Amino acid sequence: MISDSRSVLAIVFVSKIITVATIAISVDIAAAPTGCTIGCMTTLARFPFGRILLHLLAMLGDGCVRFHGAGIARELPSVTEALTLCTRLRTRLIGGLVLYLAQPIRHHGPATVADPQSLAAILDRGDVLLTEGNTRAAALVKRVTRSTWSHVSMYVGPLEEGPDPRCIVEADIAAGVRSIRLSELNAVHVRVLRPTGLNDMRRRQLADWVVSRIGSGYDLAHAWVLGRSLLRLPPSTRKRSSPGRIPEGAKRFICCSLLAHAFALVEYPILPVQARVSRPSVIDHGSLTPADFEVASALEVVYPIDDVS
C-alpha cells in the first residue's frame, strides 16, 4: 500500500512538472510575437481562461495545432464531453446507415440464379467475380455507375474443408473484407472474368494477398469520394491518396480497390475508363468501379458460357 501511494504521488508530481513546463514553453513562444511580459504571461497561466489564451498564442508561434488543441480541451471538460458525444452519435448514425444499405430488396420478378456447382467446375485462383446484388447498396451502386454490376470479388480457392468451403474474398460494406461461400451467390447474377497471361505463381500471389487482407475494414470515406466524383459533385475538402498511387499500408478497402491493390502487386493494373480515354500513364486506381473490370481487355469472360465469344 505504501509503495502504491508513493507511485501515485510520483505520477502527480511528474504531471505537475510537465504542466508547468508546458506553460513555460507556451509563455516563451507566445511572448515573442505578442510583446507581453513574462510576468503578465505567468499571471494568465494561473487561470483557465488565461491558459487557453496562452495555448492560442503559442499555437500561432509554433503551429502545433494538435498539441495545443489538446491543452485547450483539458481546460474545457464540457466541450470535450460534447465532442465525444458528437463523435459517438456520428459513429452510430453511420453504422445505422450501413445496416440499412446492407438490407436486401424484394425482387418483383424472377432472379437469374448462379449454379454453385457450375461455378466450382470453372473457377480458378485469381478469377474475378462480377455480381449483381439485391441489397439497397447494390441498387445505389448500379444507379450511380450506370452498370449491371454492383460488386466485384475474387476466387481464392478453398479456405477450409467441406462440400461448400469459403473460397471467395470480398470487401462488404457492413462486414469489411471477408471470405464467403459459393452458395452465398445463389440469389445474384454472376459473371466470371479471368486475367489472361498470368502463370500459377502470379495467381497464387493474387489470392494470397487478398486472403491476407481478411479482417480489414470497409473504406466508407473512399466510397463517399468516389460517389461524389461519379455524380460530378464538388470535390470534398478532405484529402485522400494522390491519383495513381496505391498505399502499401492500406487498412481499409472497397471491393474495387481491394482487387486493384492485388493486381497492382503483380503488375497487372486494371485501367479505369477515364485512364483509357485520356492518359494511360496516369492511373487513378481509386476511380475503379465494377464496370471497369467488365470492359478491361486484360480480363476474359469464362462464365456464363453464353457470354464467351
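Let me start with Ser-150 and what surrounds it. Leaving aside neighbours within four places in sequence, Ser-150 is in contact with Thr-131, Glu-132, Gly-133, Ala-138, Val-141, Lys-142 and Pro-290. Contact means heavy atoms within 4.5 Å. This is a predicted model, where local features need pLDDT of at least 70 and side-chain atom pairs count only at pLDDT 80 or more, while totals for chains, interfaces and linings use all residues. Residues are numbered from 1 along each chain as its sequence is written, and side-chain values use heavy atoms, with hydrogens and water left out.

Where is Ser-150 found? It is in the loop between H7 and strand E2, residues 151-155. Helices (H or I, at least four residues) and strands (E, at least two) are DSSP runs, numbered from the N terminus. Ser-150 counts as buried because its relative accessibility is 8%. Buried means under 20% relative accessible area, exposed over 50%, and partly exposed in between, with a 1.4 Å probe and protein chains only. A polar atom of the Ser-150 side chain lies 3.1 Å from the backbone nitrogen of Gly-133.

Now helix H7 itself, residues 136-145. Its buried residues are Ala-137, Ala-138 and Thr-145. Seen down the axis of H7, these fall within an arc of 100°, so they line one face of the helix. The arc is taken from the directions from the helix axis to the C-beta atoms. As background, an α-helix has 3.6 residues a turn, so residues three or four places apart point the same way. After H7 comes Arg-146, with a positive phi near 55°.

Next, the rings. How many aromatic pairs does a search of the whole structure find? It finds two. Rings of Phe, Tyr and Trp (its six-membered ring) pair if their centres lie within 6.5 Å; planes under 30 degrees apart count as stacked, over 60 as edge-to-face and the rest as tilted. Trp-209 and Phe-253 are edge-to-face, at 6.0 Å centre to centre and 85° between the planes. Trp-209 is in helix H8 (residues 200-212) and Phe-253 in strand E7 (residues 252-253), so this pair ties together parts 44 residues apart in sequence. Both Trp-209 and Phe-253 are buried. Phe-263 and Tyr-268 form a tilted pair, 5.6 Å centre to centre with 35° between the planes. Phe-263 counts as buried, at 0% relative accessibility, and so does Tyr-268, at 10%.

Two arginines also sit over rings. Arg-213 lies over the face of Trp-209, 5.0 Å from the ring centre. Arg-136 lies over the face of Tyr-100, at 4.1 Å from the ring centre. The test is that NZ of Lys or CZ of Arg is within 6 Å of the ring centre and within 35 degrees of the ring normal.

Finally, the core. A nonpolar core is a set of buried Ala, Val, Leu, Ile, Met, Phe, Trp, Tyr and Cys residues joined through side-chain atoms within 4.5 Å. The largest one has 38 residues, and Leu-258, Phe-263 and Phe-293 have the most contacts inside it. Among the elements that each supply at least two residues of this core are helix H5 (77-101), H8 and helix H10 (255-265). H10 gives the most, with seven residues. Beyond its near neighbours in sequence, within four places, Leu-258 is in contact with residues including Val-169, Trp-209, Arg-213 and Phe-253.

For the chain overall, there are 12 helices and eight strands, and 35% of the 309 residues count as buried.

Notes. Polar contact = N/O pair within 3.5 Å; in protein donor to acceptor, adjacent residues only side chain to side chain.
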